Amino acid sequence: MAETYDVIVLGSGPGGYVAAIRASQLGLKTAIVERELLGGICLNWGCIPTKALLRSAEIFHYMQHAKDYGLAAEKISADLDAVVKRSRGVAKQLNAGVTHLMKKNKIAVHMGTGVLTGKGKLTVTDKDGNKAELSAKNIIVATGARARDLPFAPADGKRVWTYRHAMTPGEMPTRLLVIGSGAIGIEFASFYNDMGSDVTVVEMLDRVVPVEDADVSAFLEKALKKQGMTIMTKAGVEKLDVSDKGVKASIKDKDGKVTSSEFSHVIVAIGIVPNTENIGLETLGVKTERGHIVTDGACKSNVDGIYAIGDVTQPPWLAHKASHEGVIAVEAIAGRHPHAMDPKNIPGCTYCHPQIASVGLTEAKAKEAGHEVKVGNFPFIGNGKAIALGEAEGFVKTVFDAKTGELLGAHMIGAEVTELIQGYTIGKTLETTEAELMETVFPHPTLSEMMHESVLAAYGRALHI
């Protein structure tokens, strides 16, 4: 006999486990299926352990610049094994935390590979080959995604790495090639550069972090070059010759010239592939586009009773988007009529050095959408807290609709902007205008004052520049 539930969640990443908790809170009998580790990729091999790595690199960076703060730090060095061990310890701690949350919320956990076998039916096969039959009126697919390989040089974990290999390196790269300058590529480029590697970044588009505002991209490229990185835009890797000793890369630059360079290791960060194969979607006729499950505003697929959230669906592919979708899906199942997700209100953060954060439309996208805009820009050098921190590089940019005053977008680069962006995200969710932001009192001395000044600057009222 099949075990029967109200909701089954397939996948326990930040979307899946949050969906399961919310379902339990709403009184639904819930099961979650996970083939590897509770918490999924984000918690165990993505967002959290990479931030632990980046924190170690950040501390190492500051130790090297101790004299800038009137301090002395001599004979400092980095222990890569210890840095990685700390990162894995952080992931392990949070994995245990998710395990506790499942028990606390009385969620049945089934470890194994889940496959949809029919309407409301799912089979779980554990590592020993034992099978369990589960059934539920509603199933939420939260199987996530994996790194996309180069077709001519798949990752081998030795010389050619995905993000997962880069988190547990067997050795420190001496010369590192990073292919792709999205968030993952740039974060690892930043980490290994701070740790002492000679880093080259290759991006096929005309600027790094291409989804960000053009001003942010330009500032970041200058900052990375100043830190010693080689940045190649409008460039592509034509070929990789991999050996036991290293990798010879043939790179075509923006002028069409192909040159060969030697690297010790390569990180491939060219996007993701959704985990939609071999889970039974075809059996039920679930619609996909380029492998991603098509969903409506309530995260429902074209098949009744099948919902999908997170990286297995449409972009943006972000952990916090997955978590919020998990809540939306469950509340829809429970008949609560939740608001649909608005992609323009989802913030994005990149934890390189300097940090990047944004929400809403870039200046260019706002103009493309037909808005007449007012744009404000305020530099870190005009902020007392930033100067006191020794972090005077960066800026805060805001984009408003000139006719209505609607906040269309906000874009930041600099120290701790990943913590600041939520202020603008709340503002966008509340459909705020420049008037409310101008009337808001920001504490002094804080970095957040720059958020106020940027709004003022858009209307010619900046006080400190």
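Lys234 sits in the loop between β11 and β12 (236–242), and its phi is positive, about 50°, although Lys234 is not a glycine. Most residues other than glycine have a negative phi, and most peptide bonds are trans. The model you are looking at is predicted, so local features need pLDDT of at least 70 and side-chain atom pairs count only at pLDDT 80 or more, while totals for chains, interfaces and linings use all residues. Residues are numbered from 1 along each chain as its sequence is written, and side-chain values use heavy atoms, with hydrogens and water left out. Helices (H or I, at least four residues) and strands (E, at least two) are DSSP runs, numbered from the N terminus.

- You can find His337 in the loop between α9 (319–333) and β20; at 73% relative accessibility, His337 counts as exposed (over 50% relative accessible area; buried is under 20%, partly exposed in between, with a 1.4 Å probe and protein chains only).
- The peptide bond from His353 to Pro354 is cis, with omega near 5°, and Pro354 belongs to the loop between β20 (348–350) and β21.
- Another cis peptide bond runs from His444 to Pro445, with omega near -5°; Pro445 lies in the loop between α13 (434–439) and α14 (449–458).

**A closer look at helix α7**

- Helix α7 (residues 214–226) has 13 residues, which at 1.5 Å a residue should span 18 Å, and its end C-alpha atoms are 19 Å apart, which agrees (the expected span is 1.5 Å times one less than the number of residues).
- Val216, Ser217, Leu220, Glu221, Ala223 and Leu224 are buried in α7.
- These residues cover an arc of only 165° around the axis, so they are on the same side of α7 (the arc is that of the directions from the helix axis to the C-beta atoms).
- On the other side of α7, Lys222 and Lys226 are exposed.
- Asp213 caps the N-terminal end of α7, with a side-chain oxygen 3.0 Å from the backbone nitrogen of Asp215.
- After α7 comes Gly228, with a positive phi near 105°.

**An empty space inside**

- Rolling a probe the size of a water molecule over the atoms shows where empty space is left.
- The structure holds 1 cavity of 30 Å³ or more (on a 1 Å grid over the protein atoms alone, a set of points where a 1.4 Å probe fits but cannot get out).
- Thr50, Leu53, Leu54, Glu187, Phe188 and Phe191 line the largest cavity (lining residues have an atom within 4 Å of a point).
- Two or more lining residues come from each of α3 (47–64) and α6.

Conventions. A polar contact is a pair of N or O atoms within 3.5 Å; within protein, one must be able to donate a hydrogen and the other to accept it, and residues adjacent in sequence count only if both atoms are side-chain atoms. On a 1 Å grid over the protein atoms alone, a cavity is a set of points where a 1.4 Å probe fits but cannot get out, and a pocket is an open set with protein on both sides within 12 Å along at least five of seven lines; lining residues have an atom within 4 Å of a point. Grid points are joined across faces, edges and corners, and a volume is the space filled by probe spheres set on the points.
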